[in-house]
Structures are given as structure tokens and as C-alpha cells.
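My notebook is open, and I have a few things to look up in this chain. Come along as I go through them.

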Amino acid sequence: MGALAAAAPASPAQACPACACPVCGGPARPAPANRHGRVVAGCAACGHHFVANPWSEAEIRSFYQGMEYFRKNCAHQGIASIEDDAAWQGWTAHRLGQIERLLLPRLGPGPLRILEVGCLEGRVLRGLARMGHSVSGCDVNAEVAALGARLFGLDIRPGSPEECGFEPASFDAVISFHTLEHLRDPFAALEAQRELVHPGGAVFLEVPLNEADHDNRDHLHFFSEASLEQALRRLFPRFETEANVFADASGRAIGSALALAFKDAP
Ligand SMILES: [Zn+2]
């Protein structure tokens, strides 16, 4: 747990000697390092920006552990308490509303088997379970995953989806919200999510779009509309995206995209 040590600033040439866009393979131009010593490179072809010298897997894993991270993440979304309160109610209703409007009607009557990747304490899963669905979750924050499993009596496992030991093709839907942009390799993660979905199932996700704040220490990828679509096209025969706007705790509007991607052609 705790903050990552500040890395020695790397020059763009050191951090990104032959920068290629991880989405489209196009040439990416490195920018000067941000205040965390991370070099953000941008692809001229698809508009994807990414950290060219990301934290190590161990540094990332360590950063997301513990209740301190959970509290900070809640505060960022205007939620002050771990307990159920009006702020949580609003937050959960908003997210469940997106799932009910965009995902569930496309998957048949249910009950459905749904996995949330990066579920933290699992309030979205609790809401889906109350609707009668069979839910599972996984989160790299072992303490918060255990807390959610205990508080809500849900199957929430610690670790990455690979470590959580779910059977391939065992879910109708795999969902994740604001998770992919935190990973070193969001494309491998998306592929792993696809493998957990059975034929006819779908992956449903939200990522921030066109973020201007490259000093956001937690984000290693900064998607554009084009780079998100390109990534989805590589892995799924059909998908839909919807633009969304949400406000952070300071009221700042942040653009995002919701994406619904199907494992099989119609
Ligand atoms: Zn690109």
C-alpha cells in the first residue's frame, strides 16, 4: 500500500526509443515527462495516448492495495463513507441504470451470469444479484475484495481475472468500469475478458475518453474514440459505443465511452 516513489524523469528518447502505438501500430510521438516521471506518447493516426515508460506490474499491484486506495478512489467520486449512504445510492443507481439500459436487454431474459472485473467492494454486483442474476467479481485490491465478499456475501475474488480462476466461456457478460486505462496492457486484458464470455455473450465497459490530464498518475492509457474502436475491432466481430459525460468530485466534466462488444457475429 502507499504512494509510488517518484521515478527519475526519463527523457522522451530514453523512455520511447522507437515508440509504436499499441493500438494501431502507427508511429507515436513522445512528449516531455509528466510530473510523475512518466512519458506520455501520442499516436497521430488513431489519437491514442499512452505512458511509454509505465510503472512495473509490481508497482501497480502494490499501489492499488488496501483501504487507503479505496477511500481515495471513493473521494474522487464524491463518496465520503464506506457505509451505504445517499452518495453510494446515487452512484450505484447510475451505474446499474447504464447496465439495465444498454447491456441486459441485449442478452435475453436471464438470470444471467455476470462477472465484474475491477469490482472493488462490489456494490454494482450486489445490485445485479438483487435483480436475480448470478454474479462474480475480481479485484486486485485483496483487502477490499475480501471486505465486499464478507459484507455482501458475494463471490468476489482477489487478483487479476487470470488469477481469480474463472473457467473460460463461463459468463454471459463481463463488465468493467474505468479499469482498462489503469493497466499496462489493456488489450491483453480485453482479450482475457472476451475469453471468459461464452458464445453469444458480451463485454461491456466504460473508459474515459480524450483525457487532457496526462498528469493523472493512475492512468497508463488515454483512449480516443478512434483508438477505442480500433481496439474493439481487433477483438470483436461487432460492437457499439456510446458517448457519456460524468462529473468528478470537483464537478469537472469528464468524457467517457460505454462500449458493448459481442463475442460472435449475429
Ligand atoms: Zn494509434
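**Helix H9 and its neighbours**

I began with the buried residues of H9, which pack against helix H8 (186-196), S8, S10 and S11. Packing here rests on contacts, meaning C-beta atoms, placed from the backbone, that lie within 7 Å. I take helices (H or I, at least four residues) and strands (E, at least two) as DSSP runs, numbered from the N terminus. The residues I found buried in H9 are Ser227, Leu228, Gln230, Ala231 and Leu232. A residue is buried with 20 or more other C-beta atoms within 10 Å of its own, exposed with 12 or fewer, and partly exposed in between, the C-beta atoms again being placed from the backbone. Helix H9 (residues 225-235) lies across S8, S10 and strand S11 (253-262), and runs at about 20° to S11. Such angles run from 0 to 180 degrees between N-to-C directions, and the axes are lines fitted to C-alpha atoms, for helices over the stretch in contact.

**Ground rules**

I note that this is a predicted model, in which local features need pLDDT of at least 70 and side-chain atom pairs count only at pLDDT 80 or more, while totals for chains, interfaces and linings use all residues. Residues are numbered from 1 along each chain as its sequence is written.

**The sheet**

In what order do the seven strands of the open sheet run? I read S6-S5-S4-S7-S8-S11-S10, with mixed pairing. Its edge strands, each pairing on one side only, are strand S6 (155-158) and strand S10 (238-247). I count two strands as paired if DSSP finds at least two bridges between them. On average, neighbouring strands of this sheet are turned by 15° against each other, direction ignored.

Next I followed strand S7 (residues 171-177) and strand S8 (residues 197-208), which pair in the parallel sense over six bridges. Phenylalanine 171 has valine 197 in S8 as its bridge partner, and isoleucine 175 stands opposite phenylalanine 204 in S8. I also checked burial in S8: nine of its twelve residues are buried, so S8 is largely enclosed by the rest of the structure.

**Phenylalanine 166**

I found phenylalanine 166 in the loop between helix H7 (161-164) and S7. Is phenylalanine 166 buried or exposed? Phenylalanine 166 counts as buried because it has 21 C-beta neighbours inside 10 Å. Setting aside neighbours within four places in sequence, I see phenylalanine 166 in contact with Leu115, Ser136, Pro161 and Leu196. Leucine 196 is 30 residues away from phenylalanine 166 in sequence, and the C-alpha to C-alpha separation is 7.4 Å.

**H4 against H5**

I then turned to helix H4 (residues 86-103) and helix H5 (residues 123-130), whose axes come within 10 Å and cross at roughly 65°. Which residues meet there? From H4 I list Trp88, Thr92, Arg95 and Leu96, and from H5 Arg123, Val124 and Gly127.

**Whole chain**

To finish, I looked at the chain as a whole, with its nine helices and eleven strands. Buried residues make up 38% of its 266 residues. Along its principal axes, the C-alpha trace spans about 55 × 45 × 35 Å. Of the contacts with a separation of 6 or more, 60% are between residues 24 or more positions apart.

Key. Two residues are in contact if their C-beta atoms, placed from the backbone, lie within 7 Å.
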